[in-house]
Amino acid sequence: MGFAAASLPSVARVFLRSSHHHHHQKDEILGSSLRKETWGINLYLPKLKYQSRMSFCCKNESIDFEERTSPTEVKKEIEQCYELIHRLGRGVVYLGSSRMGPGHPHYIKTFELGNKIAALLDCTTWTGAGPGLMDAATQGALQAGKPVGGFKIGREAGEWTATNFHPYLPSESYLTCRFFSARKHGLVDAVVRCRSSEMTAIVALPGGIGTLDEVFEIMALIQLERIGSVLPVPLLLMNYDSFYSNLLDFLNDCEKWGTVSKGEVASLWKVCNNNSEALAYLAEFYGLSPIETSRKDSESSECRSLA
């Protein structure tokens, strides 16, 4: 993940390392609780003179600012994302929690959904190549015998935090991204339809901050016709066990406040409470014969459609 440099007054604890420190000197901890004289340098940042490259480290993580701010490095990684998509093909992108493991009921539902959608659309399944619901969708597609691809990021919540590591996918099927911007480019390009024969979709599963970040960015891109400007791309919000009901109520309130137009949010996605509704919607969207789920969904068959 790329981090922005924070101004020192807003940072509770910052570690300053310099390559020209003597061996007997320890890393200085800069914090509001330390007296000014303990710094040994001028506190006023505009007057600081950096004689060698330093790295500010938050949470004990080193950040290479030269690489992070290099447009060339970001461009290279975006190109790698596009090359992977060109090789594996566009398809369905799953966004969801990395924390809901195999014992979670949403993992089981996602596994089934990933399996059925892969068979229905006969396309590549794309995820963040991480654990949790991303793993469930990947496993489901693999069981269906369909290709999978992923854009991994280091330090996913939960497990699989090692860079460029996946417990079972071959390395040629996923890319470990250093930059979130490149990863997002990949996830978006994987669903943009260039031909009417391409069947793609975005499936938003239950998730936390990272999932919501991705979902709302994609909604904005659909709203601005950066996605679906030529050929529409369905966005499904899986409201398993009413997971997103409070969010939907909030968005309805946004209409009342006038921050979104009436019916605007409804035009951007399809909200379904179970897999049967999602499969039926995709089958209708692409004019395909529906695939029945292997067992009845435990949720209500009534679909909250906002599309």
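1. Starting with the helices: helix 2 passes helix 5 in a right-handed crossing, right-handed being the case where the near helix is turned clockwise from the far one by less than a right angle, and left-handed the anticlockwise one. Helices here are DSSP runs of H or I with at least four residues, strands are E runs of at least two, and both are numbered from the N terminus. Helix 2 covers residues 71-88, and its axis comes within 9 Å of that of helix 5, at roughly 25 degrees. That makes helix 2 roughly parallel to helix 5. For the angle classes, under 35 degrees is roughly parallel, over 145 roughly antiparallel, 65 to 115 roughly perpendicular, and the rest oblique. Axes are lines fitted to C-alpha atoms over the stretch in contact, with angles from 0 to 180 degrees between N-to-C directions.

2. Before going on, a word on the source: this is a predicted model, where local features need pLDDT of at least 70 and side-chain atom pairs count only at pLDDT 80 or more, while totals for chains, interfaces and linings use all residues. Numbering runs from 1 along each chain as its sequence is written, and side-chain values use heavy atoms, with hydrogens and water left out.

3. Who touches whom between helix 2 and helix 5? From helix 2 come Val74, Glu77, Ile78, Cys81, Tyr82 and Ile85, and from helix 5 Ser181, Ala182, His185, Gly186 and Asp189. Contact means heavy atoms within 4.5 Å.

4. Helix 5 (residues 180-189) is mostly covered, with seven of its ten residues buried. Buried means under 20% relative accessible area, exposed over 50%, and partly exposed in between (1.4 Å probe, protein chains only). The buried ones are Ala182, Arg183, Lys184, Gly186, Leu187, Val188 and Asp189; note that a lysine and an arginine, Lys184 and Arg183, are on that list.

5. In the loop between helix 5 and strand 8 (201-204) sits Ser196. Is Ser196 buried or exposed? Ser196 counts as exposed, at 60% relative accessibility. Its C-alpha atom is 9.5 Å from that of Val230, 34 residues away along the chain.

6. The other helix pair to look at is helix 3 (residues 105-121) with helix 4 (residues 133-143): their axes are 7 Å apart and the packing angle is about 40 degrees. Helix 3 is therefore oblique to helix 4, and the crossing is right-handed. On the helix 3 side the contact uses His106, Tyr107, Thr110, Phe111, Gly114, Asn115 and Ala118. Helix 4 brings Leu133, Asp135, Ala136, Ala137, Gln139, Gly140, Ala141 and Gln143.

7. Now the aromatics: a search of the whole structure turns up four aromatic pairs. Phe243 and Tyr244 are edge-to-face, because their ring centres are 4.8 Å apart and their planes stand at 80 degrees. Rings of Phe, Tyr and Trp (its six-membered ring) pair if their centres lie within 6.5 Å, with planes under 30 degrees apart stacked, over 60 edge-to-face and the rest tilted. Phe243 is partly exposed at 35% relative accessible area, whereas Tyr244 is buried at 3%.

8. Phe285 and Tyr286 are edge-to-face too, 4.9 Å centre to centre and 70 degrees between the planes. Phe285 is partly exposed at 29%, while Tyr286 is buried at 14%. Ring pairs also bring in Tyr281, giving a cluster of Tyr281, Phe285 and Tyr286.

9. Overall, the protein has eight helices and ten strands, and 45% of its 307 residues are buried. Of contacts between residues at least 6 apart in sequence, 76% join residues at least 24 apart.
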